[in-house]
Amino acid sequence: MNKVFVDSDVILDLLAQRIPHFHFSALLFTFADMKKLELYTSPTVFCNVLYILRKQIGIEKAKAAFRKFRLIVNITDTSEKKI
């Protein structure tokens, strides 16, 4: 299975439904949901996207979106030993 690192722009395209890239990010996350890809992101990206998204759609909607999103994406380990 291929492992793919997703950056904040790709995540925001999906969760904020930003056009014109929403379709492509939705396809990527669909493949991950079907277990054809493993998606990874960093803790910093995760926090930054939550911050931006809560400003755009509100804290409750952002939290709800992240609860679902967290089931598909793995958070990388950024300990000193791993780096």
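Helices (H or I, at least four residues) and strands (E, at least two) are DSSP runs, numbered from the N terminus. Y51 sits in helix 3. This is a predicted model, in which local features need pLDDT of at least 70, side-chain atom pairs count only at pLDDT 80 or more, and totals for chains, interfaces and linings use all residues. Residues are numbered from 1 along each chain as its sequence is written, and side-chain values use heavy atoms, with hydrogens and water left out.

Start with helix 3, residues 43–57. The expected span of a helix is 1.5 Å times one less than its number of residues. For the 15 residues of helix 3 that gives 21 Å, and its end C-alpha atoms are 21 Å apart, so the two agree.

Now look at burial. Buried means under 20% relative accessible area, exposed over 50%, and partly exposed in between (1.4 Å probe, protein chains only). In helix 3 the buried residues are V45, F46, V49 and L53. They cover an arc of only 95° around the axis, which puts them on the same side of helix 3. That arc is taken from the directions from the helix axis to the C-beta atoms. An α-helix has 3.6 residues a turn, so residues three or four places apart point the same way.

What covers these buried residues? The cover includes helix 1, strand 2 (37–41), helix 4 (59–69) and strand 3 (73–75). Exposed T44 and K55 are on the face of helix 3 turned away from its buried side. Y51 is partly exposed, at a relative accessible area of 45%. Its C-alpha atom is 8.8 Å from that of A62, 11 residues apart along the chain. G58 follows helix 3 with a positive phi, near 100°.

Turn to helix 1 (residues 8–15) and helix 2 (residues 22–33). Their axes come within 8 Å and cross at roughly 100°. Axes are lines fitted to C-alpha atoms over the stretch in contact, and angles run from 0 to 180 degrees between N-to-C directions. Helix 1 is therefore roughly perpendicular to helix 2 (65 to 115 degrees). V10, I11, D13 and L14 of helix 1 meet F22, S25, A26, L28 and F29 of helix 2, where contact means heavy atoms within 4.5 Å.

The loop between helix 1 and helix 2 holds Q17 and P20. Q17 is not a glycine, yet its phi is positive, about 50°. Q17 is exposed, at 54% relative accessibility. A cis peptide bond joins I19 and P20, with omega about 15°.

How values were computed:
Parallel < 35°, antiparallel > 145°, perpendicular 65-115°, else oblique.
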